[in-house]
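Subject: Structure for you to look at

Hello,

Please find the structure below.

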Amino acid sequence: MAAIVWLVAGILLAAAEMLIGDLTLLMLGGAALVTAGVSGLAGTSVVVDAVVFGVAALVLILLVRPFLLRRFATPPPHQTGVAALPGKTAKVIEMVDEHGGRVKVDGEVWSARPFDPSEQFEVGETVCIMKIEGATAVVLKGS
């Protein structure tokens with residue numbers, strides 16, 4: 001009977017891991033499954049089951065979890081393409097006003113318009129890209 005309780009606890013903890021995602025509940029679920037196996041095969045008492053669970057949980061959390069985190073951790077997302085442009089600086093190559101203009105950023109020429117329609121940027125000025133709307137860079141006075 002105790003083995004079934006440990007088995008159910010292990011399955012529930014492993015399933016709950018899908019909500020958390022930090023591998024802690026998965027390690028506890030694994031420890032519960034190890035305890036279910038020991039309890040089912042050896043018919044141990046509740047005290048021995050608790051000790052087996054504690055040792056298995058410590059081993060899994062302290063040794064296996066860090067290895068899995070290093071192995072499967074995803075690096076922070078790296079912005080590429082158009083998503084990487086906001087925040088970058090650009091050089092005005094054709095006067096930018098409310099009717100348009102052109103800027104050069106990272107060797108690419110983009111059509112541009114000012115973030116504030118009342119502003120105007122002359123050729124050679126440095127501007128900061130605030131956002132991209134379609135194929136147009138919306139710019140603000142840069143530093």
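Ile129 counts as buried, because its relative accessibility is 1%. Buried means under 20% relative accessible area, exposed means over 50%, and partly exposed is in between (1.4 Å probe, protein chains only). Before going on, note that this is a predicted model, in which local features need pLDDT of at least 70 and side-chain atom pairs count only at pLDDT 80 or more, while totals for chains, interfaces and linings use all residues. Residues are numbered from 1 along each chain as its sequence is written, and side-chain values use heavy atoms, with hydrogens and water left out.

The strands and their core

Ile129 lies in strand E4. Helices (H or I, at least four residues) and strands (E, at least two) are DSSP runs, numbered from the N terminus. Leaving aside neighbours within four places in sequence, Ile129 is in contact with Leu85, Pro86, Gly87, Lys88, Ala90, Val105, Ala137, Val138 and Val139. Contact means heavy atoms within 4.5 Å. Ile129 and Ile11 are 50 Å apart, C-alpha to C-alpha, and 118 residues apart in sequence.

Which residues touch the most other members of the largest nonpolar core? They are Val96, Val103, Trp110, Val127, Ile129, Ala137 and Val139, out of 14 residues in that core. The elements that give two or more residues to this core are strands E1 (89–97), E2 (100–105), E3 (108–114), E4 (126–133) and E5 (136–141). A nonpolar core is a set of buried Ala, Val, Leu, Ile, Met, Phe, Trp, Tyr and Cys residues joined through side-chain atoms within 4.5 Å. In soluble globular proteins, nonpolar side chains tend to be buried together.

Val96 has contacts beyond its neighbours within four places in sequence: Gly101, Arg102, Val103, Ala112, Arg113, Pro114, Glu119, Gln120, Phe121 and Val139.

Asp106 lies in the loop between E2 and E3. Its phi is near 50 degrees, a positive value in a residue other than glycine. Most residues other than glycine have a negative phi. Asp106 is exposed, because its relative accessible area is 56%.

The helices

Two packed helices are described by the angle between their axes and the distance between the axes. Axes are lines fitted to C-alpha atoms, for helices over the stretch in contact, and angles run from 0 to 180 degrees between N-to-C directions.

How do helix H1 (residues 2–20) and helix H2 (residues 24–42) cross, and at what angle? Their axes come within 7 Å and cross at roughly 165 degrees. That makes H1 roughly antiparallel to H2. Angles under 35 degrees count as roughly parallel, over 145 as roughly antiparallel, 65 to 115 as roughly perpendicular and the rest as oblique. H1 passes H2 in a left-handed crossing. A crossing is left-handed if the near helix is turned anticlockwise from the far one by less than a right angle, and right-handed if clockwise. Residues making the contact include Trp6, Leu13 and Ile20 of H1 and Leu25, Ala32 and Thr35 of H2. The residues of this contact of H1 with H2 divide into 16 nonpolar, 6 polar and 1 charged. Here Ala, Val, Leu, Ile, Met, Phe, Trp, Tyr, Cys and Pro count as nonpolar, Asp, Glu, Lys and Arg as charged, and the others, Gly among them, as polar.

H2 also packs with helix H3 (residues 46–72), at an angle of about 140 degrees and with the axes 8 Å apart. That makes H2 oblique to H3. The crossing of H2 and H3 is right-handed. Among the residues making the contact are Leu28, Thr35 and Val38 of H2 and Val52, Phe53 and Leu60 of H3. The residues of the contact of H2 with H3 divide into 14 nonpolar, 4 polar and 2 charged.

Leaving aside neighbours within four places in sequence, Thr35 is in contact with Trp6, Asp49, Val52 and Phe53.

Ala42 is also placed in helix H2, but counts as exposed at 55% relative accessibility. The C-alpha atoms of Ala42 and Ala3 are separated by 10.0 Å, and the two residues are 39 apart along the chain.

Leu23 sits in the loop between H1 and H2. Leu23 is not a glycine, yet has a positive phi of about 70 degrees. Leu23 is buried, with a relative accessible area of 18%.

Gly43 is in the loop between H2 and H3 and is exposed, with a relative accessible area of 60%.

Regards
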